[in-house]
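Please look at the sequence and structure first.

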Amino acid sequence: MKITKPLNLALLAIAGLTFACGGGEKTTETTTAEVAAPAAPAQEVSLEDKYKDDPIYIKGIEKVKGSDCTSCHMVERKIVGPSYADVAAKYESTEENVAMLAKKVIEGGVGVWGEVPMPPHPALSEEDAKDMVRYVLLLKK
Ligand code: HEC
């Protein structure tokens, strides 16, 4: 029999209760714990897994990891900068958008996502910045 974690905890609690007050309310406790136990979340495929075999992904992530992007951006969670998934949801992956965003990565900028600026990356070539942006815009849900 597989005992789930919440149930395990409930059993521990009951053990404690039994010890503390002589075993009263055992049935009630069990029922409450079972109702309160959250349903297991549906297993979703991460965006990383969804796109990891795409050549745009492979080329882009290598360059992104070689730069400082990951200290401010995560794929599916906003940290200092917007998540890549949010950026991908905002812009179609057209040549104009790739060029515009690559320019922003190189020159830095502020005001689209909030008051926190993205610092410039003057050492990046236009080609590298574009490969990074193509990777970012690929990460659509
Ligand atoms: C010091 C933190 C920081 C670093 C490092 C950083 N970013 Fe950003 N990035 C931000 C912030 C903050 C914004 C939101 C700027 C705004 O609101 O206009 C942003 C926005 C963006 C956007 C969306 C721009 C827009 O106009 O919608 C892209 C694309 C992006 N970053 C890619 C990158 C890439 C690629 C790198 C690595 C070369 C990188 N960022 C490194 C903080 C950072």
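The side chain of His121 reaches the backbone oxygen of Pro119 at 3.2 Å, and a polar atom of that side chain lies 3.0 Å from the backbone oxygen of Val105. A polar contact here is a pair of N or O atoms within 3.5 Å; within protein, one must be able to donate a hydrogen and the other to accept it, and residues adjacent in sequence count only if both atoms are side-chain atoms. His121 is found in the loop between helix 6 and helix 7. Helices are DSSP runs of H or I with at least four residues, numbered from the N terminus. With a relative accessible area of 12%, His121 is buried; buried means under 20%, exposed over 50%, and partly exposed in between, using a 1.4 Å probe and protein chains only.

The model is predicted: local features need pLDDT of at least 70, side-chain atom pairs count only at pLDDT 80 or more, and totals for chains, interfaces and linings use all residues. Residues are numbered from 1 along each chain as its sequence is written, and side-chain values use heavy atoms, with hydrogens and water left out.

The iron atom of the ligand has two protein donors, His73 (NE2) and Met118 (SD), lying 2.0 to 2.1 Å from it. Donors are N, O and S atoms within 2.8 Å of the metal (3.2 Å for Na, K and Ca). His73 is in the loop between helix 4 (55-65) and helix 5 (84-90), and Met118 is in the loop between helix 6 (95-107) and helix 7 (126-138), 45 residues apart. His73 is buried at 14% relative accessible area, while Met118 is partly exposed at 23%. The angles among the six donor atoms run from 88 to 179°, and the site is octahedral, a label for six donors with opposite ones over 155 degrees apart and all others between 65 and 115.

There are 26 residues around the ligand, and Cys69, Cys72, His73, Lys104 and Met118 come nearest; a residue counts as near if one of its heavy atoms lies within 4 Å. Helix 6 gives the most to this shell, with three residues.

Elsewhere, Lys59 lies in helix 4 and is partly exposed at 45% relative accessibility. Lys59 and Met132 are 73 residues apart in sequence and 8.0 Å apart in space, C-alpha to C-alpha.

Definitions and conventions. Four donors count as tetrahedral if all angles lie between 85 and 135 degrees; four count as square planar and six as octahedral if opposite donors are over 155 degrees apart and all others between 65 and 115; anything else is irregular. Helices (H or I, at least four residues) and strands (E, at least two) are DSSP runs, numbered from the N terminus.
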